Amino acid sequence: NPLSHDWNKVIMMYCDGGSYSGNNATAVPVMWNGTQRFIHYRGARNLDFALKTLAKDHGMGEDVTDVLISGDSAGGLASYWHADRFKSAFPEAFVATVPDSGFFIGDSTKPEWPAALQWIASAMNNTAGLDASCVHDAVQRGVTPGEACTLPEDVAPHIGVPLFTMNSKYDPALISISTTVKTPAAINGEQQRKNSHLALHS
């Protein structure tokens, strides 16, 4: 691998289910085993701090030349939402995003999925953690960013850095999370729909 054999690799962990998008200043009370606990939805703040730390303490400042973003499943979703955020953090570098198995579509057979994303946007106050260009367009159109900027098919056309999507046509996670279609013909139709949305970005 002559291109990236000596690149640095950074793994960013998270555990709030928001794909690094949360920006809620208030801790959210929840019950767990009969005891009240508090969840902090601050993934976007953590991501911004991590990027600043990489630049300040780990040599990814002005000298960084190439940044490749990737993630799988929820991390793949994050790779759509935050691609341009990385470009803002490293403006002199070549930045590209390669989401892996994160193209979770919105489908009428599974309305719970878009609704779950909209819940994330509301509960985690994640407008600041979504693609800024998409959010600006949504506001201009009078649509809430949680509705317009959470599905990858809606975000992809707004991503400014090069986007290379990896997603199996028969991804079991996508099929179970995004849709209830199971037949090959129906899955092929969903694949064509994905391709048409990604073509907008090419």
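**A walk through the chain**

Starting at the N terminus, the elements of the chain follow the order β-β-α-β-α-α-β-α-α-α-α-α-α. That makes nine helices and four strands, where helices (H or I, at least four residues) and strands (E, at least two) are DSSP runs numbered from the N terminus. Please keep in mind that this is a predicted model, in which local features need pLDDT of at least 70, side-chain atom pairs count only at pLDDT 80 or more, and totals for chains, interfaces and linings use all residues. Residues are numbered from 1 along each chain as its sequence is written, and side-chain values use heavy atoms, with hydrogens and water left out.

Let us begin with the overall form. A compact globule of 202 residues would have a radius of gyration near 17 Å, and the chain agrees with this at 18 Å; the radius is taken over C-alpha atoms, and the globule rule is 2.2 Å times the number of residues to the power 0.38. Along its principal axes, the C-alpha trace spans about 50 × 50 × 35 Å. Of the 202 residues, 42% count as buried, meaning under 20% relative accessible area, with exposed over 50% and partly exposed in between (1.4 Å probe, protein chains only). Among contacts (heavy atoms within 4.5 Å) with a separation of 6 or more, 68% come from residues 24 or more positions apart.

Now turn to helix α2, where seven of the eight residues are buried. These are Gly75, Gly76, Leu77, Ala78, Ser79, Tyr80 and Trp81. Their cover includes β3 (66-72), α3 (83-89), β4, α4 and α7 (152-155).

Aromatic rings are the next stop. The whole structure holds three aromatic pairs; rings of Phe, Tyr and Trp (its six-membered ring) pair if their centres lie within 6.5 Å, and planes under 30 degrees apart count as stacked, over 60 as edge-to-face and the rest as tilted. One of the pairs joins tyrosine 80 and phenylalanine 103 edge-to-face, at 5.8 Å centre to centre and 75° between the planes. This pair links distant parts of the chain, since tyrosine 80 sits in helix α2 (residues 74-81) and phenylalanine 103 in the loop between β4 (94-100) and α4 (112-123), 23 residues apart. Both tyrosine 80 and phenylalanine 103 are buried.

Phenylalanine 104 and tryptophan 113 have ring centres 5.5 Å apart and planes at 65°, so this pair is edge-to-face. Phenylalanine 104 counts as buried because its relative accessibility is 3%, and tryptophan 113 counts as buried because its value is 14%.
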